[in-house]
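This briefing concerns a single structure, shown below. It begins with one side chain and then turns to the surrounding architecture.

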Amino acid sequence: MKIALILSTAFVTTKPDFPARERRIRQYLNGLGQIAEVSAQYPVFDVYSVDNTVEDPATLEIQIVEALHRIRGFRSSVHFFDNDLGQSNRGSGVMVQWMRILPDLVGKYEYVVHYEPRQHLVNYSFFERVANQPDNYFCMYRDLEKLYGIPVTVPRFWTGLFSMRVADLLGYVRATDRLVAPTVQLHPR
């Protein structure tokens, strides 16, 4: 069984005018290099790059394009420019990416892994587990915060790496209580 691996990126941060450009390029190159290793070790993954900050794919940093194509299981890039919502709320930008790519994956894959390749993988155990036992996997952790000066432990989900059924993620994205607005409408102050 093949599993779709979505690399969620924001390559706009690698443009020459971005202040931390070199650091971002380095992060992406390291992350894509790790995914190349994962793909070579676990050939069940078909890799897709999705980015909604790319006005013209021809202007992408050549090192990044080459790194994508060095991934053995790389299938395609879905790069487009629709980041109005992502500029205001990063989570909404990711939802736009999912709304664009997931319909194409339904029926081809049962499971999808969402991964943000700027992260550094300490090891490949997550991918090993998904490859050997496909299922829904999330990492939950706890943050210590203060609420009116009182320490409170708040449960959170790590959203930079998880797996789930394609149909379930698409259902989540399309649910009426969390539909992404088609355009940004700033609230008047």
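Phenylalanine 138 has a relative accessible area of 43% and is therefore classed as partly exposed, since that class lies between the limits of 20% and 50%. The model in which this value was computed is a predicted one.

**Phenylalanine 138 and its surroundings**
- Phenylalanine 138 is located in strand S5.
- Together with Met140 and Phe157, Phe138 makes a nonpolar surface patch of about 330 Å².
- Strand S5, which spans residues 137-147, is an edge strand of the sheet and pairs on one side only.

**The sheet**
- The sheet is open and consists of six strands with mixed pairing, arranged in the order S3-S2-S1-S4-S6-S5.
- In general, strands of a sheet pair through backbone hydrogen bonds, in either a parallel or an antiparallel manner.

**The pairing of S2 with S3**
- Strand S2 (residues 45-51) and S3 run parallel and are joined by five bridges.
- Valine 50 stands opposite valine 78, the latter belonging to S3.

**Helices across the sheet**
- Helix H2, formed by residues 62-69, lies across strand S1 (3-9), S2 and S3, and its direction is at about 140° to S3.
- Helix H5, formed by residues 125-132, lies across S1, S2, strand S4 (111-115), S5 and strand S6 (150-165).
- The angle at which H5 runs to S6 is about 50°.

Definitions and conventions: Residues are numbered from 1 along each chain as its sequence is written. This is a predicted model: local features need pLDDT of at least 70, side-chain atom pairs count only at pLDDT 80 or more; totals for chains, interfaces and linings use all residues. Side-chain values use heavy atoms; hydrogens and water are left out. Two strands pair if DSSP finds at least two bridges between them. Helices (H or I, at least four residues) and strands (E, at least two) are DSSP runs, numbered from the N terminus. Contact means heavy atoms within 4.5 Å. Axes are lines fitted to C-alpha atoms, for helices over the stretch in contact, and angles run from 0 to 180 degrees between N-to-C directions. Patches are made of residues with over 30% relative accessible area and no salt bridge: like charges are joined within 9 Å, nonpolar side chains (Val, Leu, Ile, Met, Phe, Trp, Tyr) within 5 Å. Accessible areas come from the Shrake-Rupley method with a 1.4 Å probe; for residues, only the protein chains shown count as cover. A salt bridge is a side-chain nitrogen of Lys or Arg within 4 Å of a carboxyl oxygen of Asp or Glu. Buried means under 20% relative accessible area, exposed over 50%, partly exposed in between (1.4 Å probe, protein chains only).
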